[in-house]
Every structure is written in structure tokens, then in C-alpha cells.
Amino acid sequence: MSSQALDQFLNSSIEELKTKGLYNVIDTLQGANGPVIRIDGRSLINLSSNNYLGLATDHRLIEASIKAAQTYGAGAGAVRTINGTMDLHVELEEKLARFKKTEAIIVYQSGFNCNMAAISAVMDQHDAILSDELNHASIIDGCRLSRAKVIRFKHSDMNDLRQQAKEAKESGQYRKIMVITDGVFSMDGDIAKLPEIVNIAEEFDLITYVDDAHGSGVLGAGAGTVKHFELSDRIDFQIGTLSKAIGVVGGYVAGKKQLIEWLKLRSRPFLFSTSLPPAVIASCSASVDILMNDQELIEKLWENGNHLKNGLSLLGYDVGQSETPITPCIIGDEVTTQQFSKRLYEEGVYAKAILFPTVPKGTGRIRNMPTAAHTREMLDQVISVYENVGKEMKLI
Ligand SMILES: *Cc1c(COP(=O)(O)O)cnc(C)c1O
């Protein structure tokens, strides 16, 4: 018999989500997450993946993963610090360090894990963390785990950041102070103001931490937002994911040799959770090779992003302030946004509605994620569906 308290909690919590319209129904893909996906037996143009470069289905990655599984087995067998470190893991870390142009790299099981690992390995209850209010959930959780005092600053507001940094520093209450930000904000596609953040950090001796999950493989010739601003020497922590543009799964922290050494000694997901399987490491490695040798996919991604953005904008849609291929289409009212997304689906376009509380009330939007794998014809089809549905719903 299950606990009554648990049953009551689950019933009322799930009911509450349903009444608030926050109950999420999960769509199941019948096949790969490519530019066209299959759901319920129907083919849909896919604008909701983070598979920026289309590498998730690239044959070079698939072949590398098969070969590694045949040679090294299906699982890594242990955590990194016991004997779950294979030459494959070390080679990937060295390759990523060359790609990011940092001294060293540590690979984790996911980008989420990086934030669980890295923040609390360095920050504790005697410290403070200045965190952009729109930072990713894993940063918020990572900060909590560290037990440092978290001070939120207004999104990309450099006056607010400077003021809060000054107060924290002058209070004399904290041993260390960190500033932490997404490199690219995933809901709006805007880029963090890293040159100003770095200046403020240097003025108040702040540790700098950039989570570049949406910048890696997209900005700075693929090396990310920090490279885009040429700030590699002035940022302490760069977090990247292997799950978005790289197309597989995993995450990494890039930084100075001694920092990475410390994370290998003390960060808990590295010490207490089994390392990534050989097939994953080998396909990530093949993916990084592609990025280091060929800019074609990145160029295609930007070309497609600009084409979609211009197309929607010309139809009269509000595409927000995105500076990256992420293309929000802001509809406003929550119910209308959901209905719009549903109509797109019926017309063969899979693009998810993003609603409050993920974004502010009244700024409901469709978040479009064009990739390098989309053809021009697919995007033109999308634009034409947006035109028809928008006119039908009197939005344009
Ligand atoms: C997606 C994302 C993550 C999580 O990365 P995973 O590799 O999917 O775990 C972490 N931080 C940011 C900013 C993200 O956008």
C-alpha cells in the first residue's frame, strides 16, 4: 500500500498543473530527431530540436559510435576516478581544449551535470554568486547546491550587476564572489554582454562563469560566445554541452589547468557517477573534428536562421531581439499562442509554444529552432504555413 500523504500530494499537484494549463503532454518521436520528424504516423517539419548543425543523425558520428562500441564495449564500467577513464575520454578532453583554446577540459555526463559539479566544487556558504535572472534551471540548482548566497541581477542589466557587485564586495561578508550567466539565452536568443561583465568582474575581483550551452557550435566559429568576443583569457569557467550543436550527449567545463585539476579531484558527478559510454565519447569526438575542420554547417545554420527570421518578420510577426539562429515568434496571450502552435502542428509544422512561467506573462511565443539540416524548401513551407495560419487567426 502506498503512503496516503504521497497519494494526496501527487493528486493535488497534478490536478493543480492541469487547472493552470501547465500540464505537459509528451510527444513521442517515431524515428530520428532530424529536420523532419514522425509523430502519430505523421511527418512534420521539426523546429523544436537543439540539434543546431544536424549532427545528431550524421553518418560520421554514427559510424564512430558503432566502431567504439565494438572495440570498447557498451558501457564505461566505472566512474572516471576509479577506472572509467578510457583513452577515448582523455583524447576527447584534449581535443576539446584545442578547439576551445583553453588550457584544459573536463567532460561530464551532461551540461546539467556540469553546473551541479562545477559551482559547488568552488563556492560555499562563505561566498556569493551574482546570477542573471534568466539563467538556466541547472545554473539555479547548481548555485543552490553550493550554499552560497545567490544575488540575482536584472537580465543583462550591467548597471544592476555593477551595483550589486559593488555592494557585495564592500559588505566584506564574502570570501569569494562569482558572476554567472548563460552565454546565449535560449528563450530569446540574445547574447550575454560578456565584454562588460568581464570589466565589472575585473573591477571587483569576481570569478567569471559562462554557461555556453547554446553558444557552442553556433558562435565564434563554433568555439562559443567567449571566443566570439575574444575573451578566452578573461573568463574562468566556460561550460559547454555535447548535447545540442555537438549532437550527442554530455557536457564539459573549460578553463585553466589548475581549475580542471581541482574539478577532477573534488566535483561530485565526476567522482560518484559512471562516465559516458565509449560510443558517446567517440561520436562527440567525431563531431568536434567536423567543427574544427569545416565551417560549412555553421554557415548553413546562420543562413537558415536568417532566412526564417526575415521571412517571419516580413509577414509582420514580432521575432523579438534574437542575435542567434533561435527565432522566437511572439504571439502574446497564452491561450492564443497554444492555439497557434496547435494549428501549425495540424498544418505539418512542429514548433512548441513557450508560455508563462518559462517566459513573462503575456509574451507567449512559438520558439523556432532552425538547423543546418533544414532545406530552403522546408523553411519556405514553414513561412507559408505561418502566413496562412496567421491570417486565419487574424494575427497578421
Ligand atoms: C540545455 C542547457 C543545459 C543542459 O545541457 P544538457 O547537456 O542538455 O544537460 C545547461 N545549461 C544551459 C544554459 C542550457 O541551455
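The largest pocket of this predicted model has a volume of about 780 Å³. On a 1 Å grid over the protein atoms alone, a pocket is an open set of points where a 1.4 Å probe fits, with protein on both sides within 12 Å along at least five of seven lines. Grid points are joined across faces, edges and corners, and the volume is the space filled by probe spheres set on the points. The lining (residues with an atom within 4 Å of a point) consists of 19 residues, and Asn24, Val25, Gln338, Lys352 and Ala353 lie nearest the centre. Two or more lining residues come from each of α13 (334-346) and β12 (353-354); helices (H or I, at least four residues) and strands (E, at least two) are DSSP runs numbered from the N terminus. The most is given by α13, with four residues. The lining divides into 11 nonpolar, five polar and three charged residues, where Ala, Val, Leu, Ile, Met, Phe, Trp, Tyr, Cys and Pro count as nonpolar, Asp, Glu, Lys and Arg as charged, and the others, Gly among them, as polar.

The second largest pocket holds about 530 Å³ of space. Its lining has 24 residues, with Leu134, Asn135, Ser186, Met187 and Thr358 nearest the centre. Here α5 (137-146) and β13 (364-368) are the elements that give two or more residues. Nine lining residues of this pocket are nonpolar, eight polar and seven charged. The second largest pocket lies between domain 1 (19-48 + 295-392) and domain 2 (58-293), because both give residues to its lining; the domain bounds come from an automatic or database assignment.

Residues are numbered from 1 along each chain as its sequence is written. Local features need pLDDT of at least 70 and side-chain atom pairs count only at pLDDT 80 or more, while totals for chains, interfaces and linings use all residues, and side-chain values use heavy atoms, with hydrogens and water left out.
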